[in-house]
Amino acid sequence: MRPILLGGYAAKSCPRAVHNDYDPTVPRPVLPVAPELQALYDTGVDFETEILTAWPALALPGYVDLRDLDGDKRVHIGATVGAMRAGAAVIVGGRLPDDVAGGRTGKPDILLRDTGGGYHPADIKAHHVLDRKYDNALASTLKAPSFEDAVPLPDGGARQREEDLLQLAHYWRMLEACGHQATHPRGAICGDDRPGDPLLVWYDLTAPAFRTFSRTTGVATRSALERYDHEHGFRRRVADVARHRTGAAGDPLPLVDPIGQAECATCRWSPVCVDTLPGTDVSAVLRGALSAREYLALRAAGVHTVTDLAGSDPENLLTGMYGAEVPHLRTRAFRLRKAVTAARLAAAGLIVRRRERADVPRAAVEVDIDIEWGADDRVYLWGLLITSNGASRYESFFDPRVTTDRDEELLARRCLDRLTGLAAETPDLLVFHYGTPEPRQARRFPPLPSGPAGPDRWIDLLPLVRATVDSRAGHGLKAMATHGPGHTWRDPDPGGLQSQSWHAAARQGDRAAATRLLTYNEDDVRATLAVRTWLRSA
Ligand code: SF4
């Protein structure tokens with residue numbers, strides 16, 4: 001029988017995926033990787049490559065890179081164990097021995113030697129791990145990466161991302177299994193907070209960090225290791241039941257059923273899993289509106305279908321069995337009310353519905369503004385749609401090769417000066433945007449235009465939309481413009497992640513990619529105009 005060996009992602013992923021993987025009666029879907037998942041993966045690989053390319057230049061004593069051995073598991077594990085036995089200070093791209101008794105396999109990005117002996121796991125993540133609202137995150141540098149070198153940061157606290165810490169806990173348990181763990185369970189995440197000066201942010205895996213459900217006390221705060229042990233242990237049981245299934249009448253029942261959730265959107269199992277749920281199933285229809293746990297709580301409360309939820313009183317659910325299953329979720333009431341609204345829309349065959357007419361100010365000249373920025377967070381495109389007397393024209397301030405503060409400022413200046421000029425010609429002017437990035441970015445480039453052209457006077461359409469429109473597809477511009485006024489984008493695949501890859505190509509001189517970016521931006525500003533017009537309509 002197939003041994004159970006779960007990787008570093010299993011404990012933080014849907015348990016039904018583990019079931020599907022180990023149940024030989026579940027067909028293997030042949031699906032291309034979802035583009036958004038591929039884009040995320042590519043971003044992660046690029047960031048990891050960037051870090052691991054820069055690190056050897058620091059010539060740290062005891063730095064070992066084993067990435068080239070990936071592909072020959074036996075040799076790879078042997079080299080990793082050999083490096084640990086030899087006391088290498090930093091092991092990059094290693095592979096730990098399978099923990100057969102514990103049901104684990106895994107390849108930590110980095111292993112860092114502790115001065116007291118043994119190793120800490122570390123992983124590279126293309127997301128932020130510091131929270132600027134706090135301080136005192138313990139962080140070390142690539143030059144002095146060990147825990148002993150870590151110092152408290154004055155300008156950043158450590159974000160407790162459960163998925164990151166569960167992965168570290170997985171590698172920690174593997175280190176314990178092979179006897180190469182450090183004295184205390186700690187691990188580090190190297191995030192993308194400081195692209196030019198990467199930091200390793202350290203976590204104590206035994207520190208209480210996550211608010212969870214407790215059958216005995218309702219709510220309990222648990223450490224990363226406690227959370228991991230619980231989730232990993234459950235998935236081992238799921239896999240064990242799954243691998244005993246043969247398709248015979250007496251098969252054990254799966255421990256977990258498919259359940260619609262946000263993760264399904266990019267899950268390779270979806271055609272043979274969530275897509276097999278009845279079309280009336282509330283989780284199949286609403287997907288990411290609630291988490292798997294919340295849908296299970298609804299099922300426990302007898303709410304199975306969209307019609308069931310649409311006809312439910314959220315307050316009754318919250319004070320009844322549903323509420324008893326999710327006391328640890330601080331936003332449970334807000335989320336449930338939104339889900340009930342979404343169910344009512346779905347039951348009526350709607351995606352969005354205006355509750356009331358929005359009071360959107362008017363002016364002789366109305367400008368919609370939208371910006372695009374690259375993976376380096378620099379704004380390389382400011383787009384304006386200028387509308388007066390019923391006619392609109394698009395103007396862009398575009399330089400895909402913006403790479404310095406000065407380049408970025410010059411580009412922003414051209415756009416802000418244009419707004420100043422428009423306001424000088426026609427003081428009866430209003431500027432509209434959707435969400436907060438546009439005024440936030442504009443404020444970085446003083447002196448700012450005064451009067452109606454200044455970002456403090458710009459009008460954000462998003463709060464107006466939230467106040468007057470119910471939606472079961474969120475209130476993002478794409479969803480609202482598509483399902484409200486029926487706006488369409490000329491590009492068949494519009495999206496923020498795709499625009500970043502077009503930007504990378506445009507930077508290299510790809511004119512088709514540059515045209516695609518401009519078209520995408522123009523359609524975005526036309527979308528805000530369409531939403532604005534729709535909000536004003538009777
Ligand atoms: S399709 Fe959804 S329910 Fe099925 S394994 Fe994937 S995430 Fe889980």
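Two strands count as paired if DSSP finds at least two bridges between them. Keep that in mind as you tour this predicted model.

**Stop 1: strand β4.** Select residues 119-124, which make up β4. Six of the six residues are buried, so the strand is largely enclosed by the rest of the structure. Now show the side chains. In a regular strand, they alternate between the two faces of the sheet. Here, Y119, P121 and D123 point one way from β4, while H120, A122 and I124 point the other way.

Stop 2: Which residue of β9 does I124 stand opposite? Look for C190 and you will find I124 across from it.

Stop 3: Next, select strand β3, residues 110-113. β3 runs antiparallel to β4, and four bridges join the two. One place to look is R113, whose bridge partner in β4 is Y119. Follow the chain through the turn: β3 and β4 form a hairpin, with five residues between them.

**Stop 4: the ligand.** Finally, select the ligand, which takes up the space of the largest cavity. What surrounds the ligand? Show C14, R16, A17 and N20, then I259, Q261, E263, C264, C267, S270, C273 and V274. Colour this shell by residue class and you will see seven nonpolar residues, three polar and two charged.

Conventions:
Residues numbered from 1 in each chain as written. Predicted model: local features only at pLDDT ≥ 70, side-chain atom pairs only at ≥ 80, totals over all residues. Heavy atoms only, no water. Near = heavy atom within 4 Å. 1 Å grid on protein atoms, 1.4 Å probe; cavity = no way out; pocket = protein on both sides within 12 Å on 5 of 7 lines; lining within 4 Å. Sits in = over half its atoms within 2 Å of the grid points. Nonpolar A, V, L, I, M, F, W, Y, C, P; charged D, E, K, R; others polar. Buried < 20%, exposed > 50% of the residue type's maximum accessible area, 1.4 Å probe, protein only.
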